[in-house]
Amino acid sequence: MAVSPAYSLIATDLDGTLLRGDDTVSDRSLAALARGVRAGARHLVVTGRPAPRVRPLLELLGCTGLAVCGQGAQVYDAAAGRLLWSVRLDRELAETALGKIEAEVGQVYAAVDQDGVDGLTLIEPGYLMPHPTLPAVRVGRRDDLWCAPISKVLLRHGTLTDDELAAVARSVVGSLATVTMSGPGTVELQPSGVTKATGLALAAERLGIAAARALAFGDMPNDIPMFEWAGRGVAMSNAHPELKAVADEITLSNERDGIAVVLERLFPTD
């Protein structure tokens, strides 16, 4: 198979990037990804969603290889149905970080993604899921969030914007956790030093693909480390200004097949 002269890895975020607002993928985008795969490239999903919330989408996309989940804290093998690599967020550190944030901004509402291929998403009273289609279990009090190992904490505030909440969190959390913003209503605490680039680099090494040959698509600040790692970063037109500022290219929105536009240009017709 002839490989594109420039890229042999296509790394795509999901929400706001490959997925449309209704959690579907257009036929055009599916066809463009298939074109890249037929040319010899590998497609890797790189998402903030934990592995249990990604599995149905991987089936839709026909992905049977690796996927980077949980903001880079998990590398999931779809064919084997298991995690090849996983980093947990220490629950005591998470509680401490949460306390520091609330000391600055007052009450926040929290949720957690549990570790593992069957981990649950737990939400405390007052927390609203940013993606109402994603399954979650409501618990009675915050202490119940820490009942099992977790991969990350999700935060929301009653009045602060996501940018404001993320800025405060970064200013007080320090080395306790990595603070990311991955979508509307989605400010997160994940294991310190772990980013999408961490998981993507591990997956790419396993596949024998160098960073320079990776093409990455995203829409939010949590995609910045992935763009910095990859050979080329493409932001959607609906992307956050911080990501657009570091992108090599800006394509159309997720609703207008922005990924397909780029792939159709880079990978010639079969």
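Predicted model: local features only at pLDDT ≥ 70, side-chain atom pairs only at ≥ 80, totals over all residues.
User: At what angle do the axes of helix H4 and helix H5 cross?

Analyst: Two packed helices are described by the angle between their axes and the distance between the axes. Here the axes of H4 (residues 91-105) and H5 (residues 162-173) cross at roughly 120° and come within 9 Å. H4 and H5 are therefore oblique to each other. Axes are lines fitted to C-alpha atoms, for helices over the stretch in contact, with angles from 0 to 180 degrees between N-to-C directions; helices (H or I, at least four residues) and strands (E, at least two) are DSSP runs numbered from the N terminus.

User: Which residues make the contact between H4 and H5?

Analyst: Contact means heavy atoms within 4.5 Å. H4 contributes Ala97, Lys100, Ile101, Glu104 and Val105, and H5 contributes Leu165, Val168, Ala169, Val172 and Val173.

User: How many salt bridges does the structure hold?

Analyst: A salt bridge is a side-chain nitrogen of Lys or Arg within 4 Å of a carboxyl oxygen of Asp or Glu. The structure holds 15 of them. In one, aspartate 13 and lysine 196 meet at 2.9 Å, N to O. Aspartate 13 lies in the loop between strand E1 (9-12) and helix H1 (14-18) and lysine 196 in helix H6 (residues 196-207), so this pair ties together parts 183 residues apart in sequence.

User: Are aspartate 13 and lysine 196 buried or exposed?

Analyst: Buried means under 20% relative accessible area, exposed over 50%, and partly exposed in between (1.4 Å probe, protein chains only). Both aspartate 13 and lysine 196 are buried.

User: Which residue forms a salt bridge with arginine 55?

Analyst: The partner of arginine 55 is aspartate 118, with the closest N and O atoms 3.3 Å apart. This pair links distant parts of the chain, 63 residues apart: arginine 55 is in helix H3, and aspartate 118 is in the loop between strand E6 (108-114) and strand E7 (121-123). Arginine 55 counts as partly exposed, at 28% relative accessibility, while aspartate 118, at 58%, counts as exposed.

Definitions and conventions
Residues numbered from 1 in each chain as written. Heavy atoms only, no water. Parallel < 35°, antiparallel > 145°, perpendicular 65-115°, else oblique.
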